[in-house]
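Here are some friendly notes to read alongside the model.

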Amino acid sequence: VQLQASGGGLVQPGGSLRVSCAASGSIFRINSMGWYRQAPGQLRVLVASITSGGYENYADDVKGRATVSRDNTKNTVDLQMDALKPEDTAVYYCNAVVADKPDVVAIDYWGQGTQVTVSS
């Protein structure tokens, strides 16, 4: 299973950004998909996730500014972030919890990470 992320880049404070991720390979079922971020010297933390049924979960510091969406037919997940702040600067990682065959436990897969920098 591979996760390919795209998007990211340099954005001014108050701006918007969209990052996208596509899962491919041997996929039987994807449970949750989402985005994590890791700032320099800090742990990787959840930004937002969405289940196959559409239940969304957001970190407190992005609620109201982030929207996670998913296309189950394409195995993709997007993150739209608005009103970006300098503290949103981090490497953003796509995550998917995937079962590659029936009757196996789904496990975590990670994308390669994409840098988001919020700066004037």
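1. A word on naming: helices (H or I, at least four residues) and strands (E, at least two) are DSSP runs, numbered from the N terminus. This is a predicted model, in which local features need pLDDT of at least 70 and side-chain atom pairs count only at pLDDT 80 or more, while totals for chains, interfaces and linings use all residues. Residues are numbered from 1 along each chain as its sequence is written, and side-chain values use heavy atoms, with hydrogens and water left out.

2. Let us begin with the cavity. On a 1 Å grid over the protein atoms alone, a cavity is a set of points where a 1.4 Å probe fits but cannot get out, and lining residues have an atom within 4 Å of a point. Grid points are joined across faces, edges and corners, and a volume is the space filled by probe spheres set on the points. There is one cavity of 30 Å³ or more, and the largest cavity holds about 40 Å³ of space. Its lining consists of Leu17, Arg18, Val19, Leu79, Met81, Leu84, Tyr92 and Val116. Strand 3 and strand 8 each give at least two residues to that lining, and strand 3 has the largest share, with three.

3. Next, the core. A nonpolar core is a set of buried Ala, Val, Leu, Ile, Met, Phe, Trp, Tyr and Cys residues joined through side-chain atoms within 4.5 Å; buried means under 20% relative accessible area, exposed over 50%, and partly exposed in between (1.4 Å probe, protein chains only). The largest such core has 31 residues, of which Trp35, Val47, Val77, Leu79, Met81 and Tyr92 touch the most other members. Among the strands that supply at least two residues each are strand 1 (2-7), strand 3 (17-24), strand 5 (45-50) and strand 8 (76-81). Strand 9 provides the largest share, five residues.

4. Which strands pair with strand 4? Two strands pair if DSSP finds at least two bridges between them. Strand 4 runs antiparallel to strand 9, with eight bridges, and antiparallel to strand 5, with five. Arg37 is a handy residue to look at: its bridge partner in strand 9 is Tyr92, and Arg37 stands opposite Val45 in strand 5. Strands 4 and 5 form a hairpin with six residues between them, and Gly41 in the turn has a positive phi of about 75 degrees.

5. Now the aromatic rings. Rings of Phe, Tyr and Trp (its six-membered ring) pair if their centres lie within 6.5 Å; planes under 30 degrees apart count as stacked, over 60 as edge-to-face and the rest as tilted. The count is one aromatic pair. Tyr36 and Trp110 have ring centres 5.0 Å apart and planes at 70 degrees, so the pair is edge-to-face. Because Tyr36 lies in strand 4 (residues 29-38) and Trp110 in strand 10 (residues 107-110), the pair ties together parts that are 74 residues apart in sequence.

6. A charge sits over a ring if NZ of Lys or CZ of Arg is within 6 Å of the ring centre and within 35 degrees of the ring normal. The charged end of Arg44 sits over the ring of Tyr93, 3.6 Å from its centre, and also over the ring of Trp110, 4.7 Å from its centre.

7. Finally, two backbone angles. Asn75, in the loop between strand 7 and strand 8, has a positive phi near 60 degrees. Ala83, in the loop between strand 8 and strand 9, has a positive phi near 50 degrees.

Definitions and conventions: 1 Å grid on protein atoms, 1.4 Å probe; cavity = no way out; pocket = protein on both sides within 12 Å on 5 of 7 lines; lining within 4 Å.
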